[in-house]
Each structure stands twice: as structure tokens, then as C-alpha cells.
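Hi,

Here is the structure I promised to pass on.

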Amino acid sequence: MTGQPPDHRAAARKLGDALRSLQQRSGLPLRSLETQVSISDSSLSRYFRGETVPTWSVVSGLCRALGADPAEYRALWESANPARHDAPTATGDNGPAADPSTLLRPARLRQLRWLRGPWSRPRVIAAAAVAAATGALATGLLLRFPAQGGPGAMPAQGATASAGVVVHNVEEECQKPRTPTCALSLAYNPYRPYNTANSADRVWHRDLLQARCTIANGVTVTDENHKHTSIWIQVTRHGEHLWLPGIRVHPDHLTQLTTILPACAR
């Protein structure tokens, strides 16, 4: 009899069920688990539902946090993730745990108010039209704007302009839906832990924000692909000066921003 190709979606659901069962048996609430493994509750929920297959380092980190042996879940993970790009080497290492400063996306935040505040609607429409026409919206077109005054950290002396910054979400499944689970958080303070207590507002992939200045020594933030940076960008949002982690900007765009924007003066 001819063998049937593996059903990776079913395997992902089976892995998710196993991880959820492990979490339920541990008695550890989801909010406590997200703090321990530094993974947002929305990402954990997708893993447990089998909608997204976590990397092996995430699976092993979850197992350790829940008191289980990661090796017992290796076969399930391999069935759900045939590519296995981050499989450990022959040494048998289970992979690093998630970085403690990984982004936590808040589940309860204010409703998004689309690009209001210091920009007028015609300016936003014109800026988006220019970006779309050049095909650079997702890769990092820098749009220049007059500098805005206000409270908080200020651009260094002599700065006269700000730039448009396009939000970038590395999770492909979150690059289209504008749902709470795909929201990314802006922060009140780049020097405090990047978690729900420091969440000021939420944005989505390809949102256009007004950037004022950058810092290079903020809290290090790690994305879902385990890339990280301590660069933060101050943005103007609904009349407030908030902070976008540099990891939530396309790498090429981030390089441009740190070149064209002044350093923030505390």
C-alpha cells in the first residue's frame, strides 16, 4: 500500500494539544507561564491551538518551565515541523531558552485609533501613496517630517526633522490580519522591561509612524526569530511620545533610521 504524505497540520495540533495538556497539568496559569518563558500569551495560545509551530528552543523552554523532559516532545515537534531549521546539533543540546526580554504582546490594550494625532489625514494619505508608488513601504522608505515638540526624551540639539517609520512584524501569518493576537506593542519607557506593564498602545505590520530620534542602549528585545537589538525609536502617537523597539522595524530600515535620525537626549 502506498504511504500517505504526513499531515503536518494534524501533527501541529497534536503538538499543541500535548503542550496545552502539559500546561494544564502543571496548574500554571497562562499569564504566569508567559512571564517565565518571556513569550506573549497570544503566541502561546497559537502554539497550544496548533495554529503555529514553535521553534525547538521554544518547545524545550516550555517543557523545562512546566517540569517536563523536552526529549519526550522532540518526535512530536519533528512531525509538526519537517523543515527543522533550528534542530540541535549532534551534541544533543535542546537549544537556548527564549531571551528574557522577548516581546510580550498585551491582550488588553486601547482600541487602535488609525494614525491620528500630529499628522493630518491628507499628509498620512500622501505619505502612504508615495511609499506604495515606490514599492518601499515594507522595506523602509524614510519620509521626512518637521520636528515635533513635546514631553519625554528629546532629539539631540540641532535636530530639525523626523522620519516615517514602517512597523515590521517578522511573523508572516501576522503580516495581514489586524487582530489583537497580531498586534505589536509600543512602550512608555525603553529602559524598563518590555512587558504588559510597559505597554502604551498597539500597532500592526506596515503601520506608518512618525519617528523623532533613537537610542542604542535600551532594554534588549528579541523577536520570534530570536533576533534582538537594544535600539529603540521614539515615535509620536496620538500626541504622546512613545517607543517602538528597533526589532519591530525591517533591518534595512533600522539602519537608515539610525543614520538619519538624531540620538535622543534624556
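This is a predicted model: local features need pLDDT of at least 70, side-chain atom pairs count only at pLDDT 80 or more; totals for chains, interfaces and linings use all residues.

Now the disulfides. There are two of them in the structure. In one, Cys 174 is bonded to Cys 182, with 2.2 Å between the sulfur atoms. That link is left-handed, at -70 degrees about the S-S bond. Both Cys 174 and Cys 182 are buried.

The other joins Cys 213 and Cys 264, whose sulfur atoms are 2.0 Å apart. The S-S bond of Cys 213 and Cys 264 has 100 degrees about it, a right-handed link. This pair ties together distant parts of the chain: Cys 213 sits in strand E6 (residues 208-215) and Cys 264 in strand E11 (residues 264-265), 51 residues apart. Cys 213 and Cys 264 are both buried as well. If you number the bonded cysteines of the protein chain in sequence order, the pairing reads 1-2, 3-4.

Then there is a hairpin to look at. Strands E9 (residues 232-237) and E10 run antiparallel, joined by six bridges. Val 235, for instance, has Leu 242 in E10 as its bridge partner. Two residues lie between E9 and E10, and His 238 in the turn has a positive phi of about 55 degrees. Strand E10 (residues 240-245) is mostly covered, with five of its six residues buried.

Cheers

Note on methods
Residues are numbered from 1 along each chain as its sequence is written. Side-chain values use heavy atoms; hydrogens and water are left out. Buried means under 20% relative accessible area, exposed over 50%, partly exposed in between (1.4 Å probe, protein chains only). Helices (H or I, at least four residues) and strands (E, at least two) are DSSP runs, numbered from the N terminus. Two strands pair if DSSP finds at least two bridges between them. A disulfide is a pair of cysteine sulfur atoms within 2.5 Å.
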